[in-house]
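Thanks for coming. Please have the sequence and the model open.

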Amino acid sequence: MDDGSWIALIPFVGLAVWGIVELVSGRRRRARWREIASRLGLQFQAKDPFDTPSRQKKQFFREGHSQRAYNVMYGDYKGVRVRCFDYRMTEGDGRASGTSFFTCLLVATPVRFYPLGIRPETTGDRVNRLLGGHDLQFESAEFNRQFAVHCTNKRFAYDVIHPRMMELLLRHKHREIEAYGWSVLICDPEGQARISDLEGEVVRLLEYGIEFVGLLPHYLQAARK
């Protein structure tokens with residue numbers, strides 16, 4: 001090997017080191033999920049036994065490509081059926097591609113939802129409104145400033161997002177919600193929970209989901225059977 005040949009090996013060495021780091025990190029994260037599931041009395045599987053992205057009809061799972069749920073924790077939590085998991089999806093192709101990671105919760109509901117989206121309002125939402133677009137508006141000015149809400153049935157959205165529900169959503173205003181059918185998806189659009197905070201984030205997600213379900217009006221359960 002001549003004096004300059006080793007330079008050509010640098011990218012390959014870097015990729016090998018990166019691969020080892022990713023492998024070790026993935027194993028640590030998987031082990032942490034398993035510990036949390038055991039502590040909470042839930043089941044755990046590293047591979048998604050539900051084929052979540054394919055079977056869920058939520059827009060979140062249609063974004064990008066190469067979608068995959070993994071590190072799946074599931075079962076009954078405080079009497080409610082839940083599924084908590086890591087999720088990844090890729091947008092773009094080749095050098096222009098990028099992969100996003102999330103930690104998500106799917107929680108079963110006693111109400112069958114029309115498509116409903118509740119997410120933190122962005123600059124794009126405000127510009128769109130100035131250009132004539134609109135999202136649903138509620139009696140709370142603070143709630144309207146913080147969230148963009150879309151639903152195929154306005155009356156249903158107003159029934160779900162009553163004053164107490166608005167208070168709950170404002171306490172968790174960094175999170176995004178998409179509801180459709182018999183479940184609600186909750187995630188942080190900013191990305192995946194760190195290993196160091198994984199248990200805390202999972203518990204916060206679970207408690208939020210349980211409280212959300214608990215605040216659904218009982219009359220909607222009969223109306224949407």
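I will start with the chain and then turn to one helix and its surroundings.

First, a caution: this is a predicted model. The chain has eight helices and six strands. Along the sequence, they come in the pattern α-β-α-β-β-β-α-α-β-α-α-β-α-α. Of the 225 residues, 42% are buried. If we take contacts between residues at least 6 apart in sequence, 67% of them join residues at least 24 apart.

Now to helix H6, residues 163-171. Which residues of H6 are buried? They are Met165, Met166, Leu168 and Leu169. These residues span an arc of only 160° around the axis, so they lie on the same side of H6. The face turned away from that buried side carries Arg164 and Arg171, which are exposed.

What do the buried residues of H6 pack against? Their partners are strand E4 (98-120), helix H4 (141-146), strand E5 (147-151), helix H5 (154-160), strand E6 (176-187) and H7.

Let me take H7, residues 198-214, in detail. The axes of H6 and H7 come within 10 Å and cross at roughly 165°. An angle over 145 degrees counts as roughly antiparallel, and therefore H6 is roughly antiparallel to H7. The crossing is left-handed. On the H6 side, the contact is made by Met165, Leu168, Leu169 and Arg171; on the H7 side, by Tyr208, Glu211 and Phe212. By type, the residues of this contact are five nonpolar, two charged and no polar.

That is the end of my part.

Definitions and conventions
Residues numbered from 1 in each chain as written. Predicted model: local features only at pLDDT ≥ 70, side-chain atom pairs only at ≥ 80, totals over all residues. Heavy atoms only, no water. Axes fitted to C-alpha atoms, helices over the stretch in contact; angles between N-to-C directions. Helix = DSSP H or I, 4+ residues; strand = E, 2+ residues; numbered from the N terminus. Parallel < 35°, antiparallel > 145°, perpendicular 65-115°, else oblique. Left-handed = near helix turned anticlockwise from the far one by under 90°. Contact = heavy atoms within 4.5 Å. Nonpolar A, V, L, I, M, F, W, Y, C, P; charged D, E, K, R; others polar. Buried < 20%, exposed > 50% of the residue type's maximum accessible area, 1.4 Å probe, protein only. Arc of directions from axis to C-beta.
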